[in-house]
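Me: I would like to learn how to read a protein structure. Could we take the features in turn?

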Amino acid sequence: MTYCRSCGEPIIPGDEYADIDGEAWCEGCLDDLPLCVLIPKLGWEWKTVQEGENVQCVDCKCCGDTEPLPVGTEYGEIDGDAFCEECLEDTPLSDLVERCGHDWKTASEEDIPDGYDG
């Protein structure tokens, strides 16, 4: 049996979900979380650029934008790299979960809860 850790709903065959530290989270519940909650849930940090810091978004930098993030800008720090909120929002949830070191899965027959007739 696999149930979403957040909403308690069963995860049925064909549903995509994240396995975060052994707990299943359905796509809908993760998608509803603001990034400032999601990134720490995935094991990383949500930060704000402070005066005197030179923080550059890795994804923006790859696209040619070499300007540092302005003071007061919130960003996620994943494995030592900074990602601005806009780039994180543009990243598919499955990619973000895997980038943070967790598994993105598609439920199979083994995940059907006993008694489910759906």
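Me: In what order do the elements of the protein chain run from the N terminus on?
Reply: This is a predicted model. From the N terminus, the order is β-β-α-α-β-α-β-β-α-α-β. That gives five helices and six strands.

Me: What share of the 118 residues of the protein chain counts as buried?
Reply: The share is 35%. The protein chain exposes about 7,000 Å², and 42% of that area comes from carbon and sulfur atoms.

Me: Which residues touch the most other members of the largest nonpolar core?
Reply: In soluble globular proteins, nonpolar side chains tend to be buried together. Here the largest nonpolar core has 24 residues, and L30, L38, L42, I78, L88, L96 and V97 touch the most other members. Two or more residues of this core come from each of β1 (16-20), β2 (23-26), α1 (27-32), α2 (35-41) and α5 (93-99). Leaving out residues up to four places away in sequence, L38 touches L30, L33, L93 and L96. Another core, of nine residues, lies apart from the largest one and includes V55, C57, L69 and C84.

Me: How many disulfides does the count come to?
Reply: A disulfide needs two cysteine sulfur atoms within 2.5 Å. By this rule the count is zero.

Me: Is C4 buried or exposed?
Reply: C4 is buried, at 3% relative accessible area. C29 is buried too, at 14%.

Definitions and conventions. Residues numbered from 1 in each chain as written. Predicted model: local features only at pLDDT ≥ 70, side-chain atom pairs only at ≥ 80, totals over all residues. Heavy atoms only, no water. Buried < 20%, exposed > 50% of the residue type's maximum accessible area, 1.4 Å probe, protein only. Core = buried A, V, L, I, M, F, W, Y, C linked by side-chain atoms within 4.5 Å. Helix = DSSP H or I, 4+ residues; strand = E, 2+ residues; numbered from the N terminus. Contact = heavy atoms within 4.5 Å. Areas by Shrake-Rupley, 256 points an atom, 1.4 Å probe, with all protein chains shown as cover.
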